[in-house]
Amino acid sequence: MDLYLVRISGTHPLVKRLLARASSHIVTRGEVDLLKERSALFYQAALDDQRVGRTDFILFHCEQALQLAVKYLIAKKYGYFPRTHDLF
């Protein structure tokens, strides 16, 4: 299976649709910084897991760190990101 990475610009139809849906989810500067901080904490937890041999948690913490890092980058660039879970 071949994997291709595609750079999607802000004018791509999918990006426009996602941004239109997410326009009501403005993220404050404090929330953006919090995403970055939490991503770093999860990454550090993954490194700690590796150091002490908790192999069952390494990928979990890596995944969480990556998800938060992607949300941080999206929020930093666009000021918001699509929220897919709503508990209210």
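## Contacts and overall make-up

Of the contacts in the protein with a separation of 6 or more, 62% join residues 24 or more positions apart. Contact here means heavy atoms within 4.5 Å. The model is predicted: local features need pLDDT of at least 70, side-chain atom pairs count only at pLDDT 80 or more, and totals for chains, interfaces and linings use all residues. Residues are numbered from 1 along each chain as its sequence is written, and side-chain values use heavy atoms, with hydrogens and water left out.

The secondary structure comes to 3 helices and 0 strands. From the N terminus on, the elements run α-α-α. Helices (H or I, at least four residues) and strands (E, at least two) are DSSP runs, numbered from the N terminus. Buried residues make up 19% of the 88 residues. Buried means under 20% relative accessible area, exposed over 50%, and partly exposed in between, with a 1.4 Å probe and protein chains only.

## The α2–α3 pair

Two packed helices are described by the angle between their axes and the distance between the axes. Helix α2 covers residues 29–52 and helix α3 residues 55–78. Their axes come within 8 Å and cross at roughly 160°. That crossing makes α2 roughly antiparallel to α3. Axes are lines fitted to C-alpha atoms, for helices over the stretch in contact, and angles run from 0 to 180 degrees between N-to-C directions. Angles under 35 degrees count as roughly parallel, over 145 as roughly antiparallel, 65 to 115 as roughly perpendicular and the rest as oblique.

The crossing of α2 and α3 is left-handed. That is, the near helix is turned anticlockwise from the far one by less than a right angle; clockwise would be right-handed. By class, the contact of α2 with α3 has 15 nonpolar, 4 polar and 5 charged residues. Ala, Val, Leu, Ile, Met, Phe, Trp, Tyr, Cys and Pro count as nonpolar, Asp, Glu, Lys and Arg as charged, and the others, Gly among them, as polar.

## Helix α2

Helix α2 has 24 residues and reaches 35 Å from its first C-alpha to its last, close to the 34 Å expected at 1.5 Å a residue. The expected span is 1.5 Å times one less than the number of residues. Val32, Leu35, Ser39, Ala46 and Asp49 are buried in α2. The buried residues of α2 pack against α3. Just after α2, Gly53 takes a positive phi of about 85°.

Ser39 is buried, with a relative accessible area of 10%. Leaving aside neighbours within four places in sequence, Ser39 is in contact with Ala65, Leu68 and Ala69. The C-alpha atoms of Ser39 and Ala69 are separated by 5.6 Å, though the two lie 30 residues apart along the chain. Asp49 counts as buried, at 1% relative accessibility.

## Helix α3

The 24 residues of α3 should span 34 Å at 1.5 Å a residue; the end C-alpha atoms are 36 Å apart, which agrees. Its buried residues are Ile58, His61, Ala65, Leu68, Tyr72 and Ala75. What covers them includes α2. An α-helix has 3.6 residues a turn, so residues three or four places apart point the same way. Gly79 follows α3, with a positive phi near 90°.

Cys62 is found in α3. At 32% relative accessibility, Cys62 counts as partly exposed. Cys62 and Phe42 are 20 residues apart along the chain, and their C-alpha atoms are separated by 6.8 Å.
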